[in-house]
Amino acid sequence: MELPGLILDTFLVFFGLGLILGCLGVVLLANPIYSAFSLGLVFVCISLFDILWNSHFVATAQLLI
């Protein structure tokens, strides 16, 4: 799936912010349940990056494992 440049850049910024906020949530949240949810957000954002880079198998394996 080839996306136009502006849309691709918008998705990259959006997923990058989700990744950074998720990483900060893993480290800074005191409740382990919320920290685990933040880790799940990080995994989903990484998989979405893989989908944008047309590596669908890696994204699927990331989510399944």
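Is Asp50 buried or exposed? At 11% relative accessibility, Asp50 counts as buried, where buried means under 20% relative accessible area, exposed means over 50%, and partly exposed is what lies in between (1.4 Å probe, protein chains only). This is a predicted model, in which local features need pLDDT of at least 70 and side-chain atom pairs count only at pLDDT 80 or more, while totals for chains, interfaces and linings use all residues. Residues are numbered from 1 along each chain as its sequence is written, and side-chain values use heavy atoms, with hydrogens and water left out.

Now for the overall layout. The protein chain holds three helices and zero strands; both kinds of element are DSSP runs numbered from the N terminus, helices being H or I with at least four residues and strands E with at least two. Reading from the N terminus, the order is simply α-α-α. Along the principal axes, the C-alpha atoms fill a box of roughly 40 × 25 × 10 Å. Of the 65 residues in the chain, 22% count as buried. The accessible surface comes to about 4800 Å², and 80% of that belongs to carbon and sulfur atoms; areas like this come from the Shrake-Rupley method with a 1.4 Å probe, and for residues only the protein chains shown count as cover.

The buried residues of H1 are Phe15, Gly16, Gly18, Gly22 and Gly25. What covers them includes H2.

On the H2 side, Ser38 sits in the helix that runs over residues 32–52. Ser38 is buried, with a relative accessible area of 11%. Leaving out residues up to four places away in sequence, Ser38 touches Gly22, Gly25, Val26 and Leu29.

Then there are the aromatic rings. The whole structure has four aromatic pairs, a pair being rings of Phe, Tyr or Trp (its six-membered ring) with centres within 6.5 Å, and planes under 30 degrees apart count as stacked, over 60 as edge-to-face and the rest as tilted. Phe11 and Phe15 are a stacked pair because their ring centres are 5.8 Å apart and their planes meet at 10 degrees. These two residues are four apart in helix H1 (residues 5–28), so about one helical turn separates them. Phe11 is partly exposed at 35% relative accessible area, whereas Phe15 is buried at 10%. Phe15 also pairs with Phe14: the centres are 5.8 Å apart and the planes are at 55 degrees, so this pair is tilted. Phe14 itself is exposed, with a relative accessible area of 58%. Together, Phe11, Phe14, Phe15, Phe49 and Trp53 form one aromatic cluster.

What about the cysteines? The structure holds zero disulfides, a disulfide being a pair of cysteine sulfur atoms within 2.5 Å. For the sulfur of Cys23, the closest cysteine sulfur is in Cys45, 8.8 Å away, which is too far for a bond. Cys23 is partly exposed at 37% relative accessibility, while Cys45 is buried at 5%.

Finally, back to the end of H2 and what follows. Asp50, the residue from the opening, lies in helix H2. Neighbours within four places in sequence aside, Asp50 is in contact with Ser55, Val58 and Ala59. Asn54 belongs to the loop between H2 and helix H3 (56–64). Asn54 is partly exposed, with 35% relative accessibility. The phi of Asn54 is near 60 degrees, a positive value in a residue other than glycine. Most residues other than glycine have a negative phi.

Key
Contact = heavy atoms within 4.5 Å.
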